[in-house]
Amino acid sequence: MTDFNALLRLLTESSVEFIIVGGAAATAHGSARLTLDLDVVYKRTTDNITRVVDALKPIKPYLRGAPPGLPFDWSVPTIQKGLNFTLITTLGALDLLGEIVGGGGYEQLLSDTIEVEIAGVNCLCLNLERLIVVKRAAGRPKDLEVVAELEEIMNETQQYRDESS
Amino acid sequence: MSAMDNVEKVGPGEDPDPVIEAYKKNVDVTLIRENLRLTVDQRFQQLMKLQQFAEDLRHAGRKARER
């Protein structure tokens, strides 16, 4: 189980700069699909990486699917040397992404975000239009299934707006 | 290779993909309408309940196989 609320609160209250992407972003926009992990794109500055490392240390991040006992050092140099980390923590599965296919990094995505309130904290979430673009670019069958649903969400939202105006 | 090398230029709604159009037939629009009535926070509470339900089902399946 992934405690989305607790993870988002932890990142936000630690002043980590991040954007919700992937299945959790789809949920924010109204997707009915089950997602098991939280995907976030984080800003790759030294200050922000330091905040990420400090915030997650208490929840014991470890490489998801890796055999136990590897000498995985959760530290600023480790994050700086890598880019995308698929992690398991005591609060659940967290994908910490420096870049995403079809979207790039934090700075490239920032102008295509909306602010959402989840569990009493405000977080940035990729907007629906850009989420569709990155999911199309990812191109796996499961991503295209999500695109189909997201495009229906966009149609429904548009219809609702048309009826309201 | 950077992820930026693969930036998709096609925007939503453009260039309909036959695969995506085929998948749309399986989308339950009634569930979408229900979700759109909820706040973002409520959508996440629902997601976590669904996760718990899926976990309970997996657990029940494991127990049934052990019998």
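**Figure 1. Contact between helices α6(A) and α7(A) in the predicted model.** On the α6(A) side, the contact is made by Leu128(A), Leu131(A), Ile132(A), Lys135(A), Arg136(A) and Ala138(A). On the α7(A) side, these meet Asp143(A), Val146(A), Val147(A), Leu150(A), Glu151(A), Ile153(A) and Met154(A). The residues of this contact divide into 9 nonpolar, no polar and 4 charged. Helix α6 spans residues 128–138 of chain A and helix α7 spans residues 141–164 of chain A. The two pack at an angle of about 160 degrees, and their axes are 8 Å apart. Because of that angle, α6(A) is roughly antiparallel to α7(A). The crossing of α6(A) and α7(A) is left-handed.

Figure 2. Ala26(A) is buried, with 28 other C-beta atoms within 10 Å; the cut-off for a buried residue is 20 or more. Leaving aside residues up to four places away in sequence, Ala26(A) touches Ser31(A), Arg33(A), Leu131(A), Val146(A) and Leu150(A). Leu131(A) belongs to α6(A), while Val146(A) and Leu150(A) belong to α7(A). Glu149(A) lies 123 residues from Ala26(A) along the chain, and the C-alpha atoms of these two residues are separated by 9.1 Å.

**Figure 3. Helix α2(A) and the residue that follows.** Helix α2 covers residues 22–29 of chain A, and 8 of the 8 residues are buried, so the helix is largely enclosed by the rest of the structure. The buried residues are Gly22(A), Gly23(A), Ala24(A), Ala25(A), Ala26(A), Thr27(A), Ala28(A) and His29(A). Just after α2(A), Gly30(A) takes a positive phi of about 115 degrees.

**Figure 4. The open sheet of chain A.** The sheet has 7 strands in the order β3-β4-β5-β2-β1-β7-β6, with mixed pairing. The edges are formed by β3 (62–63) and β6 (113–118) of chain A; each has a single partner strand, so one side of each is left without a neighbour in the sheet. Strands of a sheet pair through backbone hydrogen bonds, in either a parallel or an antiparallel sense. Strand β4 (residues 85–89) of chain A and β5(A) pair in the antiparallel sense over 5 bridges. In β5(A), Ala93(A) is the bridge partner of Ile88(A).

**Figure 5. Strand β2(A) and its partners β1(A) and β5(A).** Strand β2 runs over residues 37–42 of chain A, and 5 of its 6 residues are buried, so the strand is largely enclosed by the rest of the structure. Strand β1 (residues 18–21) of chain A is joined to β2(A) by 4 bridges, and the two run antiparallel. Phe18(A) stands opposite Tyr42(A) in β2(A). With strand β5 (residues 92–97) of chain A, β2(A) pairs in the parallel sense over 5 bridges. Here Val41(A) stands opposite Leu97(A) in β5(A).

**Figure 6. The side of chain B that touches chain A.** In this interface, 32 residues of chain B are in contact with 36 residues of chain A. The elements giving two or more residues to the chain B side are α1 (18–24), α2 (29–36) and α3 (40–66) of chain B. The largest share, 11 residues, comes from α3(B). The residues of the chain B side divide into 19 nonpolar, 6 polar and 7 charged.

Methods
Residues are numbered from 1 along each chain as its sequence is written. Chains are lettered from A and ligands numbered from 1 in the order in which they are written. This is a predicted model: local features need pLDDT of at least 70, side-chain atom pairs count only at pLDDT 80 or more; totals for chains, interfaces and linings use all residues. A residue is buried if 20 or more other C-beta atoms lie within 10 Å of its own, exposed if 12 or fewer, and partly exposed in between; C-beta atoms are placed from the backbone. Two strands pair if DSSP finds at least two bridges between them. Axes are lines fitted to C-alpha atoms, for helices over the stretch in contact, and angles run from 0 to 180 degrees between N-to-C directions. Angles under 35 degrees count as roughly parallel, over 145 as roughly antiparallel, 65 to 115 as roughly perpendicular and the rest as oblique. A crossing is left-handed if the near helix is turned anticlockwise from the far one by less than a right angle, and right-handed if clockwise. Two residues are in contact if their C-beta atoms, placed from the backbone, lie within 7 Å. Ala, Val, Leu, Ile, Met, Phe, Trp, Tyr, Cys and Pro count as nonpolar, Asp, Glu, Lys and Arg as charged, and the others, Gly among them, as polar.
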